[in-house]
Amino acid sequence: MAKDERGREVIAEGARHRITFAFTKNRHEPAREAWQALGQGTWTDSGAHNLNVDEQIDSYAALLELFRYYAEHSEGNRPKSMNGLGDGLFEFKFRRVRFAFYDTPGNGAYKKKYCYRTPETSPYSHSYTWMIPDLDEEIRLTNGFPKLTRQTEERYKRDASTCRREDVKHDQSALLDG
């Protein structure tokens with residue numbers, strides 16, 4: 001994968017968005033680690049051991065296609081490919097694999113956005129992912145997790161929220177240092 005001007009690995013870049021990995025305060029990248037393991041079929045943490053190797057590799061390929069499509073078109077490429085998690089967090093999804101993310105202009109600013117509740121209230125009612133609002137250019141993956149229950153487990157949302165907070169602080173401190 002290529003790196004951007006700030007040293008972040010770029011997963012996908014298109015006309016509308018760039019998708020990268022978020023950093024924690026110690027420059028750990030939880031989503032990158034899950035992403036690499038998923039692509040190798042070796043993802044075993046956080047309950048992912050329930051996913052067989054073929055399911056992991058198929059999910060990796062489908063998600064990579066989704067990331068590229070979203071970066072170019074600012075919408076998902078199939079029904080139920082994206083969802084809101086609340087608190088300004090969203091997820092890309094394929095089968096039982098999820099990658100949480102948030103959006104940022106990449107300059108240390110951050111403003112929470114929320115999903116549309118009905119297709120009628122969305123300006124994107126024609127889209128498979130009508131519920132996703134207009135997001136900033138930078139899409140930062142915070143963590144990957146398997147969907148093992150009907151609702152996303154709170155611990156995965158907390159991890160995503162913590163990673164977002166630390167990543168935004170990282171951007172802010174980089175601006176002060178630069």
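Reply: Two strands count as paired if DSSP finds at least two bridges between them. Strands themselves are DSSP runs (E, at least two residues), helices are runs of H or I with at least four, and both are numbered from the N terminus. This is a predicted model, where local features need pLDDT of at least 70, side-chain atom pairs count only at pLDDT 80 or more, and totals for chains, interfaces and linings use all residues. Residue numbers start from 1 along each chain as its sequence is written, and side-chain values use heavy atoms, leaving out hydrogens and water.

Seven strands make an open sheet with mixed pairing, in the order β1-β2-β3-β7-β6-β5-β4. Its edge strands are β1 (2–3) and β4, each of which pairs on one side only.

Now for β5 itself, which covers residues 89–94 and is mostly covered, with six of its six residues buried. Buried means under 20% relative accessible area, while over 50% is exposed and anything in between is partly exposed (1.4 Å probe, protein chains only). Which residues point which way? L89, E91 and K93 point to one side of β5, F90, F92 and F94 point to the other, and all are buried. For the chain as a whole, buried residues make up 49% of the 178.

What about its neighbours? Strands of a sheet pair through backbone hydrogen bonds, either parallel or antiparallel. On one side, β4 (residues 82–86) runs antiparallel to β5, and four bridges join the two. Here G84 sits opposite F90. The β4–β5 hairpin has two residues between its strands, and D87 takes a positive phi near 60 degrees.

β5 also pairs with β6 (residues 97–104), in the antiparallel sense and over five bridges.

R164 lies in α3 (residues 154–177) and is buried, at a relative accessible area of 6%. Not counting residues up to four places away in sequence, R164 touches D87, G88, L89, Y102, Y110, K112 and T142, where contact means heavy atoms within 4.5 Å. L89 belongs to β5, and D87 is the residue with the positive phi in the β4–β5 hairpin.

Over at α1 (residues 30–40), the buried residues are A31, R32, A34, W35, A37 and L38. They pack against β2 (9–13), β3, α2 (53–73), β6 and β7. G41 follows α1 and has a positive phi near 75 degrees.

Stepping back, among contacts with a separation of 6 or more, 60% are between residues 24 or more positions apart. The C-alpha trace spans about 45 × 40 × 30 Å along its principal axes.
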